[in-house]
Amino acid sequence: MKTRINKIFVLVLILFCFENCSSQTKKQKQYKEERNTAFKEYLNAQKIPFKELNDSVFSAYYGDFLYYEKKLKLESNPYLKVNKVYIHYITPASVQFVVYSDEETFCLSTFDLDMDGKILSFPENGVVKVLQPIYLQYFGDYELTHNTIKTRKSRQSPNKETYYYVNGSIKNDTIHFTERYEGKSKKFEKKTFAKKHKDNFTEVYQPGLVARKFINNSNLISYEVTGEFKIEK
């Protein structure tokens with residue numbers, strides 16, 4: 001009786017494994033078909049001629065397709081305003097401009113922007129105007145997961161390059177940064193023995209400021225900012 005039960009158990013286990021493998025194979029096949037369909041739609045949208053999806057087509061265009069998909073996903077996220085201008089208040093009368101690009105980099109204004117009538121106007125009825133274009137330079141990269149953002153900046157010294165991370169969360173039009181630490185170079189992770197430190201500052205999206213994206217002489221993403229913004233009350 002015991003031997004018969006064992007045989008039945010083994011048979012059920014084999015059937016379960018077979019069914020599970022079959023299900024996984026179907027899912028993999030379905031996923032591959034969906035990816036190929038999306039790739040074909042990309043090729044057609046870009047007006048790239050092809051007869052079939054062979055190795056040469058994948059080799060030539062699949063990397064661009066993945067890059068295109070990543071940009072689309074980033075641009076359509078409901079949290080971060082990509083290629084738009086955020087401001088950080090250094091003092092009540094001085095700000096910094098920040099733009100997060102659609103290529104997972106971010107750019108900053110390189111000096112404090114004072115509301116003194118030179119580059120920025122004096123506040124008038126709660127509005128400050130950009131009197132001459134302000135240029136933002138590449139400063140690091142970032143990773144976005146739902147409403148959590150991790151920013152990474154690097155600093156070079158004669159012996160090594162150190163990576164600094166400042167992390168926060170996004171709610172409505174405000175990014176609230178709450179922690180910082182030294183991290184690893186290739187992953188958005190904390191170094192094993194690095195300490196986390198509390199941080200507390202915000203960056204606020206300003207729809208009245210316009211960012212024009214361009215590539216500078218160092219082949220890095222940069223922005224030219226014009227327009228106006230409302231001051232904090």
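On a 1 Å grid over the protein atoms alone, a pocket is an open set of points where a 1.4 Å probe fits, with protein on both sides within 12 Å along at least five of seven lines, and its lining residues have an atom within 4 Å of a point. The model is predicted, with local features needing pLDDT of at least 70 and side-chain atom pairs pLDDT 80 or more, while totals for chains, interfaces and linings use all residues. Residues are numbered from 1 along each chain as its sequence is written, and side-chain values use heavy atoms, without hydrogens and water.

The protein chain holds 2 helices and 12 strands, taken as DSSP runs (H or I, at least four residues, for helices; E, at least two, for strands). Of its 233 residues, 30% are buried, that is, under 20% relative accessible area with a 1.4 Å probe, protein chains only.

The largest pocket has a volume of about 300 Å³, a volume being the space filled by probe spheres set on the grid points. Its lining includes Glu69, Lys70, Tyr79, Glu104 and His146; α2 (55-75) and β6 (134-145) each supply at least two residues, and α2 gives the most, with 4 residues.

The second largest pocket, with about 230 Å³ of space, is lined by 17 residues, of which Thr151, Lys153, Val166, Phe201 and Glu203 lie nearest its centre. Strands that each supply at least two residues of this lining include β2 (94-100), β3 (105-109) and β10 (197-205).

Definitions and conventions. Buried means under 20% relative accessible area, exposed over 50%, partly exposed in between (1.4 Å probe, protein chains only).
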